[in-house]
Amino acid sequence: MDVSPIKLQLVQENCRRLGISIVKAMALDAIRPLPFPSGSFDGCLVDTPCSGLGTLRRHPEGKWRIKEQDILRLQEMQGQILRQAAPLIREGGILVYSTCTLTQEENEGVVEAFLSANKEFSLENAADLLPKACEALVEAKGYLRTLPHRHNMDGFFAARMRKK
Ligand SMILES: C[S@@+](CC[C@H](N)C(=O)[O-])C[C@H]1O[C@@H](n2cnc3c(N)ncnc32)[C@H](O)[C@@H]1O
């Protein structure tokens with residue numbers, strides 16, 4: 001699902017090129033109620049729109065483009081998208097939240113607010129699933145976080161939650 005037809009077209013082109021036929025690309029606005037029955041998905045990846053500050057090495061103009069108020073606007077939107085996704089996950093299913101940014105507000109800020117309002121979800125430790133070589137990228141709480149200056153790659157954040 002994506003709100004942008006251009007993004008969906010790219011997904012469809014890639015699927016065609018790779019011979020993948022199981023992907024159904026749908027134009028939907030994820031801040032609004034989604035047209036699926038509750039509990040209809042085993043898992044959902046919310047690869048959310050974000051300030052993208054983890055990609056400054058490749059997009060240095062972000063330093064001038066992103067304003068403080070953008071972070072708060074995005075944080076609100078990210079929380080809304082997670083809230084729309086949550087009821088669609090079946091019991092025992094997985095919800096992964098990810099961004100390519102570094103701000104606390106858009107990362108653990110969104111996840112912690114979501115978890116305290118949605119007690120049926122609990123955080124899982126990403127280290128339990130990733131190869132041993134990735135251990136250094138997982139923090140004590142179980143969040144996956146990459147940092148450009150430390151790991152020599154884009155900044156990225158992910159949290160894996162399970163519905164009880
Ligand atoms: C980090 S990107 C996800 C990229 C995607 N995982 C991919 O590999 O192409 C965030 C995406 O969210 C989309 N988006 C922004 N607002 C949205 C909304 N309200 N509902 C659904 N998608 C939205 C953007 O168009 C953008 O493609």
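Biologist: How far is a polar backbone atom of Ala30 from a nitrogen atom of the ligand?

Modeller: First, this is a predicted model, where local features need pLDDT of at least 70, side-chain atom pairs count only at pLDDT 80 or more, and totals for chains, interfaces and linings use all residues. Residues are numbered from 1 along each chain as its sequence is written, and side-chain values use heavy atoms, with hydrogens and water left out. A polar contact is a pair of N or O atoms within 3.5 Å (within protein, one must be able to donate a hydrogen and the other to accept it, and residues adjacent in sequence count only if both atoms are side-chain atoms). For Ala30 and that ligand nitrogen, the distance is 2.8 Å.

Biologist: How much of the ligand does the protein bury?

Modeller: Accessible areas come from the Shrake-Rupley method with a 1.4 Å probe, and for residues only the protein chains shown count as cover. Taken alone, the ligand exposes 600 Å². Of that, the protein buries 67%.

Biologist: Is Glu108 buried or exposed?

Modeller: Glu108 sits in helix α4, residues 108-117; helices (H or I, at least four residues) and strands (E, at least two) are DSSP runs, numbered from the N terminus. Buried means under 20% relative accessible area, exposed over 50%, and partly exposed in between (1.4 Å probe, protein chains only). Glu108 has 14%, so this residue is buried.

Biologist: Which residues does Glu108 touch, not counting those up to four places away in sequence?

Modeller: Contact here means heavy atoms within 4.5 Å. The buried residues of α4, Glu108 among them, have cover that includes α3, β2, β3, β4 and β5. Glu108 itself touches Tyr143, Arg145 and Phe157.

Biologist: And where is Ile20, and how does its 39% relative accessibility count?

Modeller: Ile20 is in the loop between α1 (5-18) and β1 (41-47). With a relative accessibility of 39%, Ile20 therefore counts as partly exposed.

Biologist: How far apart in space are Glu13 and Arg32, C-alpha to C-alpha?

Modeller: Glu13 lies in helix α1 and is partly exposed, at 37% relative accessibility. In sequence, Glu13 and Arg32 are 19 residues apart. In space, their C-alpha atoms are separated by 27 Å.
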